[in-house]
Amino acid sequence: MPPNTTVESENDHDETQLWKDLSVDSWKNSVRNKDSVFYDLYQDTRRRIIDACGSHSYDVVVEVGCGTGEVIGFLDGTGTDRIGVDINDDFISHCRANYVADGLEFHVADAMKLDEWWAKMGYDKKYKAPLMVCPNNTIMIMPEEIRDTVIEQMRTVAGIEGRIVITYWNGRMFAHGVMGYYKKNSDLCGTFDLTEEHVDWQNKRIETRTSYKSEWPTSEDVCRWMASLHIDVDIVEPEMQETLEIDHIAEVGMGVYLWLKGIAPQDSSIGSARDYYDNKDSQTFYRTVWGDHNTHIGRHDLLDSDPEMKGADLCARLRKAQQIQEDLFMENVNSRYGGAKVRCMDMGCGYGGLLRNMCDHGMIWSAVGVDISGRMIDAAARHSKSYDNIRFLRESYMRTSVSEDSMDLCISTESFLHVGPGNHEAVLREAWRVLRPGGRLIFTDIVSRPDAPPEASVLYERIGLQSFQTVEGYFEVARKLGFGELNFEDHSDNVSVHYGTVLEALEEMWSNGEIDIKEESKDRMVDGLSKWRDLAPSCLQWGIVSMRKLDQTEHSVISRPSSVASLNRLNLK
């Protein structure tokens, strides 16, 4: 696609002006034709975008550099609104004339100022989870000095719940592209000779006589580029058919895919939690110390009743305490459902261990786990391949793609605290929306003691919050939304012991060289765990909260945009 999506300024680059002046016919169908070397990549790009929309709550797809519309115009299978933007007026006029559908718009816009344009159009209020796409090497045809800004702008518009995908033309296939694409499309790109004047074979660059310029990076090139922007990405297995939820780079045939999460606002506790759990050192810490099954607080008060735990190492005690807590949590659920199998959504599922445990105990008919962390979701899916009745989605649990009234049970373990009391009405409302009448929300969470001293601020400020919720605060919101049968089962004494045990285990592993994380990460973790251990007795409560969906109130339901409603197709009955 053409780089006309770049920037209009007083100092336009020569090639940018060139793209503004290009005719529609020069670009139309240059990639979509079946005899194009990019045809398979084009089809795969469309498939991945459509699949992503089918398994997430994205409410709009935005193509940056839509050109003549061959990608965004053929994404009617997404079930979402679609917006194409380009800097070339003729291209946008062509798209408006040739692609007419409900929820499909085309606009002239400057990719260097996407966030300003987005807000001016009112889209920041209308859409909460954009999927921003920039396919077909568009980013590499833009002037080099503006590419970083365009990526940042795409991530900014995507926000906390959205994502971006950029496709590059694969540098390993550059020679194939020169002979199979550029030579065949001289009317599009301009003529050139196979000399150093026009083709830089080593650096995979081409510049034709009409000033057309393009570069073809490898996955390693893109990885180094992202590192220069302080974006940590993984290079995954080539030719992988599924799309992972982590920030990653994947080579597929003629293309290189780059998937990145959006940028969270600076004051977003949700974004802070997501970025923390997506961090590699954090993941290593949880897998190594807590275990790769779950990351919740355990019942340490019951450990001494097990003779095998006397003299056991710290990690073994942690995992046993977590197992006891899960067993008691499942007993709590079974006592309310009489042992019947349920349809269940885990809100903030982490590694998905609780859902797998419930499946192993014959409690689950069908289940979906949602988490904002891509690394958590990828790990959960990897560990759950043998479970055909569980599905995992990288989504905010405040706004899922799960169908209304489709769940018997919603569960969560120490996840709701991350979004803060100001968002707990949205959390409980989403649970109310997906639960059938009479369904239950049962969860554990860390909350503030009603008489917590001022020192408690040290704890919640560390995770970007202004306060913690209280038990009565949860109950007040629950009553407002139409929940009843409210109950809190208090096991607060375990919080300090649990974090103290985690702290000891981390320090022991570090001393023995058994955990591979940066020292600065270790020091930060030690500082945080120490505060949780020391302040929990006077500041915090923890236990099992349960409530039942009884009545609809004026606060229970807030209408969602039609594009979001159309995504609620995940009805696991």
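In the predicted model, His230 is exposed, with a relative accessible area of 76%, a value above the 50% beyond which a residue is classed as exposed. This residue is placed in the loop that runs between helix H11 (219-228) and strand E9 (234-235), and its phi is near 60°, a positive value in a residue other than glycine. Most residues other than glycine have a negative phi. A second case is found in the loop between E9 and strand E10 (248-252), where Glu239 is located; Glu239 is not a glycine, yet its phi is positive at about 65°. With a relative accessible area of 44%, Glu239 is partly exposed, because that class covers the values between 20% and 50%.

Another loop residue, Arg209, lies between strand E7 (205-207) and strand E8 (213-215), and its relative accessibility of 47% puts Arg209 in the partly exposed class. When neighbours within four places in sequence are left aside, the residues in contact with Arg209 are Thr191, Phe192, Asp193 and His198.

Among the aromatic side chains, the structure holds 27 pairs. One of these joins Tyr99 to Phe106, with a centre-to-centre distance of 6.1 Å and an angle of 40° between the planes, an arrangement described as tilted. Both partners have their accessibility assigned: Tyr99 is buried at a relative accessible area of 12%, and Phe106 is likewise counted as buried at 4%. The pair formed by Tyr181 and Tyr182, by contrast, is edge-to-face, with 5.3 Å from centre to centre and 70° between the planes; the assignment follows because angles over 60 degrees are counted as edge-to-face.

Turning to helix packing, the axes of helix H13 (residues 280-290) and helix H21 (residues 519-539) come within 11 Å of each other and cross at roughly 60°. H13 is therefore oblique to H21, and the crossing of the two helices is right-handed. On the side of H13 the contact is made by Asp281, Ser282 and Phe285, and on the side of H21 by Ser521, Met525 and Leu529. When these residues are sorted by class, the contact of H13 with H21 comprises 3 nonpolar, 2 polar and 1 charged residues.

Helix H21 also carries Trp532, which is buried, with a relative accessible area of 10%. Apart from neighbours within four places in sequence, Trp532 is in contact with Leu417, Ile446, Leu459, Phe468, Tyr499 and Leu540. Between the C-alpha atoms of Trp532 and Lys385, which are 147 residues apart along the chain, the separation is 35 Å.

A further helix pair is formed by helix H14 (residues 314-337) and helix H20 (residues 494-511), whose axes are 9 Å apart and which pack at an angle of about 150°; the crossing of H14 and H20 is left-handed. In this contact H14 contributes Leu314, Cys315, Leu318 and Gln322, whereas H20 contributes His498, Thr501, Val502, Glu504, Ala505, Glu508 and Met509. The residues of the contact between H14 and H20 divide by class into 6 nonpolar, 3 polar and 2 charged.

Helix H17 (residues 424-434) includes Glu425, for which a relative accessible area of 22% was computed, so that Glu425 falls in the partly exposed class. Residues up to four places away in sequence being excluded, Glu425 touches Val477, Lys480 and Leu481. From C-alpha to C-alpha, Glu425 and Arg336 are 24 Å apart in space, and along the sequence these residues are 89 residues apart.

Technical notes. Residues are numbered from 1 along each chain as its sequence is written. This is a predicted model: local features need pLDDT of at least 70, side-chain atom pairs count only at pLDDT 80 or more; totals for chains, interfaces and linings use all residues. Side-chain values use heavy atoms; hydrogens and water are left out. Axes are lines fitted to C-alpha atoms, for helices over the stretch in contact, and angles run from 0 to 180 degrees between N-to-C directions. Helices (H or I, at least four residues) and strands (E, at least two) are DSSP runs, numbered from the N terminus. Angles under 35 degrees count as roughly parallel, over 145 as roughly antiparallel, 65 to 115 as roughly perpendicular and the rest as oblique. A crossing is left-handed if the near helix is turned anticlockwise from the far one by less than a right angle, and right-handed if clockwise. Contact means heavy atoms within 4.5 Å. Ala, Val, Leu, Ile, Met, Phe, Trp, Tyr, Cys and Pro count as nonpolar, Asp, Glu, Lys and Arg as charged, and the others, Gly among them, as polar. Buried means under 20% relative accessible area, exposed over 50%, partly exposed in between (1.4 Å probe, protein chains only). Rings of Phe, Tyr and Trp (its six-membered ring) pair if their centres lie within 6.5 Å; planes under 30 degrees apart count as stacked, over 60 as edge-to-face and the rest as tilted.
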